Amino acid sequence: MNLTISGHHLEVTPALRSYVTNKLDRIKRHFDQVVDVKVLLTLENQKEKERRQKAECNIHIKGIELFAESAHSDLYAAVDELVDKLDRQVVRHKDRLQSHHHDAAKRMM
């Protein structure tokens, strides 16, 4: 799995990098065919301070591209929300793949 973590208007510290990596391990636990992951962490210059820190992620899985984004006042909380959204998408994609194969087997009988 190729993992790219980049920051826009902020420096990605080693602590932040390890936090994102540890959180993304949850996705690899559910689905091991992850090819490429790109994470973009940004600090936006908005007047609303609640949604200033933003985390975006593109995941390339064999045959599909998944995208999620999250904004929060704390960057670590934004990463948590982002991983929750991605985890739901990956589990739903995995269920679709599994149910598709089971339906085909039932029709053949």
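Residues are numbered from 1 along each chain as its sequence is written, and side-chain values use heavy atoms, with hydrogens and water left out. In this predicted model, local features need pLDDT of at least 70 and side-chain atom pairs count only at pLDDT 80 or more, while totals for chains, interfaces and linings use all residues.

The largest nonpolar core holds 24 residues. Such a core is a set of buried Ala, Val, Leu, Ile, Met, Phe, Trp, Tyr and Cys residues joined through side-chain atoms within 4.5 Å. Buried means under 20% relative accessible area (1.4 Å probe, protein chains only). L24, V39, L41, I59 and L86 touch the most other members. Two or more residues come from each of α1 (14-30), β2 (34-43), β3 (53-61), β4 (64-72) and α2 (75-108). Helices (H or I, at least four residues) and strands (E, at least two) are DSSP runs, numbered from the N terminus. α2 gives the largest share, 7 residues. Leaving aside residues up to four places away in sequence, L86 touches L24, I27, C57, I59, F67 and A68. Contact here means heavy atoms within 4.5 Å.

β3 is largely enclosed by the rest of the structure, because 7 of its 9 residues are buried. β3 pairs with β2 in the antiparallel sense over 9 bridges. Pairing requires at least two DSSP bridges between two strands. Here V34 has I61 of β3 as its bridge partner. β3 and β4 are also antiparallel, over 9 bridges. I61 is bridged to I64 in β4. The hairpin of β3 and β4 has 2 residues between the strands. In this hairpin, G63 takes a positive phi near 95 degrees.

Methods: Buried means under 20% relative accessible area, exposed over 50%, partly exposed in between (1.4 Å probe, protein chains only).
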